[in-house]
Amino acid sequence: MYYFTKSQAYKRLKRHFNEIKHIHMRDLFKSDGDRFEKFSIKLGPILFDFSKNRITEKTIELLIDLAHEASLEEKIKGMFSGEVINTTEKRRVMHWALRVPENKEVVVDGKNITKDVWNVLKKIEHFVKKVRSGTHMGFTNKKITDVVNIGIGGSDLGPKMVVKALNFLIPEDIKVHFVSNIDPAHLSMQLQRLNPETTLFIISSKSFTTLETMENAKRAREWIVENLKSADAVKNHFIAVSTNLQGVKEFGIAEENMFEFWDFVGGRYSLWSAIGISIALGIGFENFKKLLNGAHMVDEHFKNSPLNKNIPVIMGLLDIWYTNFFGASSIAILPYSQCLEEFPNHLQQLIMESNGKRVTKENRVVDFNTCPVIWGRVGTDGQHSFYQLIHQGTQLIPCDFIGFVKNPYNNEKIHDIFMANFFAQTKALMEGKQEQKVVEELKNSGLSDTEIQKILPHKVFPGNRPSNSILIDELTPYTLGALIALYEHRTFVQGCIWNINSFDQWGVELGKVLAKGIVNNLTTKETCNAYDSSTNGLINYYKKIKRG
């Protein structure tokens, strides 16, 4: 039975790592003028350059051997054929089926899933057109101008990221907002800027019982009813994305305004489903379809391309290389586009909720590191905060640089300056700055030898810091869909190599369960003694200060 650190490929990679770990990328580039051509892949409007990694052709060969030994190709085939690969919840993993063209059948257990998916998509299309045209109006017959998505986790992060990224496609007469935090401030700050007569709320909760979402939904409902003086207003101002029809009807939402999705779609993969209705309301349904099309293009690439020419496969294998051989504990996501401001946040959930696991599918506690910490910020802001750590810190932090050739806001001169930073940073991380060069510069500035020796160590950059560059022709719904799908499949590859279940999230539940019990302790006057001394102390202090 396959186990990552016991596999023959792992052992060969370990020996190879010891052979090349001290080789500098400067020397790899000097010795091979074709390195860029060997280590880059073009996929439609996307160029993936992984030449600035601490790898050789032998490294890739051995990583591909590891993929074979982990049965990656069979696992990819299993996902795309509808096998139950989420073993702890006994579920299929079929977010990819949400972006299949209408004329392409996906048959599972004798049923064409595509038909069900497109029935919901057509319902979304119909509703979006009604709202954007003014056919669906508020209770007082005013056009909807603001849409508020109330959800949390995958029902918030993915749609919010896409809406912010494609904001330049949203017309001026409609705005899309997101509320997720149960902190009363989050919803209150939104409501004070909105007009109840022209606001539509989307309640995004599969079960229609999610604590944070439903508490915010109840407050939003109270706001509408109080301001419009009628409970009947709920039908005009609320829609639901859920599977709980009874709960939706009891809330007051009309049955025709409930949009369903399926248990084969995990929350962090759900923006392609009816959860994405906030996206469609903002950018229009035709653009939402283009988002799906871009993701489907990557699905086909991932499913059909040989492993050594497969972008998500290479991305995932490089993560293994740095996490399990170089000991890297984090990966920085660095979009050079303000439009992708929320992209690192989306990837945090996608990757860390998927692969933050400690046991294999066979229930064996792992003896190796699994998911790295995902973090990042848009350039050039990041350059003035944490890039110092990446360049000269003691930790090895692999980076993904994501940039676009064309800017949607059409200032070519400024965009060139912006992208010059993109190219310069990847080069600087790879090459570094050697002592000889620093000495030369300091002498030219007129410093004495004594002064040079004092400052020299501080100005040397070791380089040899790895990065991927993802360069995309322009930001469109199609290319954004493709980019998101690349990272989804990259995450799947990681999980396959580690042999963990990337599609459950039991660790999310423990805190929720405990919170439900603690709520009762916060509402009583009695001193709390139900927990450990720290938790009791914090609760009792909270209650004391709250009571004044």
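**Charged residues and backbone geometry**

N410 counts as exposed, at 69% relative accessibility; the classes are buried (under 20% relative accessible area), exposed (over 50%) and partly exposed (in between), with a 1.4 Å probe and protein chains only as cover. The structure is a predicted model, in which local features need pLDDT of at least 70 and side-chain atom pairs count only at pLDDT 80 or more, whereas totals for chains, interfaces and linings use all residues. Residues are numbered from 1 along each chain as its sequence is written, and side-chain values use heavy atoms, with hydrogens and water left out.

N410 is placed in the loop that runs between strand 12 (399-406) and helix 17 (412-431). Helices (H or I, at least four residues) and strands (E, at least two) are DSSP runs numbered from the N terminus. Although N410 is not a glycine, its phi is positive, at about 55°. A positive phi is also found at K229, another residue other than glycine, where the value is near 60°. K229 sits in the loop joining helix 9 (211-228) to helix 10 (234-237). With a relative accessible area of 70%, K229 is classed as exposed. A further backbone feature is the cis peptide bond from G379 to T380, for which omega is near 10°. T380 belongs to the loop between strand 11 (373-376) and helix 16 (387-392). For comparison, most residues other than glycine have a negative phi, and most peptide bonds are trans.

The model holds 24 salt bridges under the rule that a side-chain nitrogen of Lys or Arg lies within 4 Å of a carboxyl oxygen of Asp or Glu. One of these pairs is D32 with K38, whose closest N and O atoms are 2.9 Å apart. D32 is counted as buried because its relative accessibility is 17%, while K38, at 34%, is partly exposed. Both residues also belong to a salt-bridge network, in which D32, K38 and E57 are linked.

K104 and E300 form another salt bridge, with 2.9 Å between the closest N and O atoms. This pair connects distant parts of the chain, 196 residues apart: K104 is in the loop between helix 5 (72-80) and strand 3 (107-108), and E300 is in helix 13 (residues 285-304). K104 is partly exposed, with a relative accessible area of 28%, and E300 is likewise partly exposed, at 23% relative accessibility.

In the salt bridge between D173 and K143, the closest N and O atoms are 3.5 Å apart. D173 lies in the loop between helix 7 (157-165) and strand 6 (175-179), and K143 in the loop between helix 6 (113-133) and strand 5 (146-150), so the pair ties together parts that are 30 residues apart in sequence. The relative accessibility of D173 is 40%, which places D173 in the partly exposed class. K143 falls in the partly exposed class as well, at 28%.

E172 is located in the loop between helix 7 and strand 6. The relative accessible area of E172 is 77%, so E172 is exposed. Between E172 and G356, which are 184 residues apart in sequence, the C-alpha to C-alpha distance is 40 Å.

R268, by contrast, is buried, with a relative accessible area of 2%. R268 occupies the loop between strand 9 (258-259) and helix 12 (277-283). Leaving aside residues up to four places away in sequence, R268 touches G154, H346, Q349, L350, E353, S354, S502, F503, D504 and Q505; contact means heavy atoms within 4.5 Å.

A positive surface patch consists of K6, K11, R12, R15, K58 and R364. Patches are made of residues with over 30% relative accessible area and no salt bridge, like charges being joined within 9 Å and nonpolar side chains (Val, Leu, Ile, Met, Phe, Trp, Tyr) within 5 Å. Lys and Arg count as positive and Asp and Glu as negative, without His and the chain ends; charges are placed at NZ of Lys, CZ of Arg, CG of Asp or CD of Glu. Accessible areas come from the Shrake-Rupley method with a 1.4 Å probe, and for residues only the protein chains shown count as cover. Helix 1 (residues 8-20) gives the most to the positive patch, contributing 3 residues. R12 lies in helix 1 and, at 30% relative accessibility, counts as partly exposed.
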